[in-house]
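Reader: I have just opened this structure and would like to learn how to read it. Could you take me through its features step by step?

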Amino acid sequence: MMRYSITREPVPNDALLMTYRGAVHAERWGSYADCFSVKVDRSATLAEFVFAFYTSPLFRIERFLLRALLNAPSSLADARTVADGTADKFAIWYVGQRTATQLLMCDRYEQTRSWFRVEALDGGGTCLRFGSAVAARRNPKSGALTRGPGFSMLLGFHIAYSRALLHAARMRLQRVAAVG
């Protein structure tokens, strides 16, 4: 039986989250990035992981808020097409880069990145990884790149929420395996 605890780990050097800096204000990236991982005891594709993530009960709350507050609707069909690679937009995000095992989503405000990765494990199962990057802002007085006080205040929530989202996606993948 596999351990299901979510762990925080360094962002892998070959992760799209580390290697993609974008053309818009590339110097702002690298200030903050995180990576969380969990194992599932079944084979899972990137498309399955992304779809499970974006359609989990917890993320549905975020989708509702994005629709209500930012006029950024999204549907289960939208989640399916971005997960399958047949669309490049979902709610407030667009596909920054995709490989067979990784997906990098960029928000339309160029402030955050979300990253997904699947990795087959020896002996079966899959390691799911999810991470985020947050752009630094230029201080108008000093010119220095900073993350700002709002970021520091919300960091604890962000970490807990990232873990919860990854757990919800894992649970959804496990349920699909049990039913299928």
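Author: The largest pocket holds about 990 Å³ of space. Please keep in mind that this is a predicted model, in which local features need pLDDT of at least 70 and side-chain atom pairs count only at pLDDT 80 or more, while totals for chains, interfaces and linings use all residues. Residues are numbered from 1 along each chain as its sequence is written, and side-chain values use heavy atoms, with hydrogens and water left out.

Reader: What counts as a pocket, and how is a volume defined?

Author: On a 1 Å grid over the protein atoms alone, a pocket is an open set of points where a 1.4 Å probe fits, with protein on both sides within 12 Å along at least five of seven lines; lining residues have an atom within 4 Å of a point. Grid points are joined across faces, edges and corners, and the volume is the space filled by probe spheres set on the points.

Reader: Which residues lie nearest the centre of the largest pocket?

Author: Those are Glu62, Thr112, Val134, Leu154 and His158, out of 32 residues that line the largest pocket. Two or more lining residues come from each of helix 2 (46-54), helix 3 (57-70), strand 6 (112-120), strand 7 (126-134) and helix 5 (148-179). Helix 5 gives the largest share, nine residues.

Reader: How many residues of that lining are nonpolar, polar and charged?

Author: There are 20 nonpolar, seven polar and five charged residues in the lining. Here Ala, Val, Leu, Ile, Met, Phe, Trp, Tyr, Cys and Pro count as nonpolar, Asp, Glu, Lys and Arg as charged, and the others, Gly among them, as polar.

Reader: How many helices and strands are there in the protein chain?

Author: Helices (H or I, at least four residues) and strands (E, at least two) are DSSP runs, numbered from the N terminus. The protein chain has five helices and nine strands, and along the sequence they follow the pattern β-α-β-α-α-α-β-β-β-β-β-β-β-α.

Reader: How do I read burial, and which residues of helix 4 are buried?

Author: Buried means under 20% relative accessible area, exposed over 50%, and partly exposed in between (1.4 Å probe, protein chains only). Of the 180 residues in the protein chain, 42% are buried. In helix 4 (residues 76-84), the buried residues are Ala79, Val82 and Ala83. These three sit on the same side of helix 4, because they cover an arc of only 100° around the axis; the arc is that of the directions from the helix axis to the C-beta atoms. As a general idea, an α-helix has 3.6 residues a turn, so residues three or four places apart point the same way.

Reader: What covers the buried residues of helix 4?

Author: The cover includes helix 2, strand 3 (89-90), strand 4 (93-98) and strand 5 (102-107).

Reader: Why is helix 2 described as largely enclosed?

Author: Helix 2 is largely enclosed by the rest of the structure because seven of its nine residues are buried. They are Leu46, Phe49, Val50, Phe51, Ala52, Phe53 and Tyr54.

Reader: Which residues is Phe53 in contact with?

Author: Contact means heavy atoms within 4.5 Å. Leaving aside neighbours within four places in sequence, Phe53 is in contact with Phe59, Phe116, Phe130, Leu165, Leu166 and Ala169. Phe53 has 2% relative accessibility and counts as buried. Phe53 and Leu166 are 113 residues apart in sequence, yet their C-alpha atoms are 7.0 Å apart in space.

Reader: What does Ser162 touch?

Author: Ser162, in helix 5, touches Phe36, Phe130 and Ser132, not counting residues up to four places away in sequence. Ser162 is buried, with a relative accessible area of 2%.
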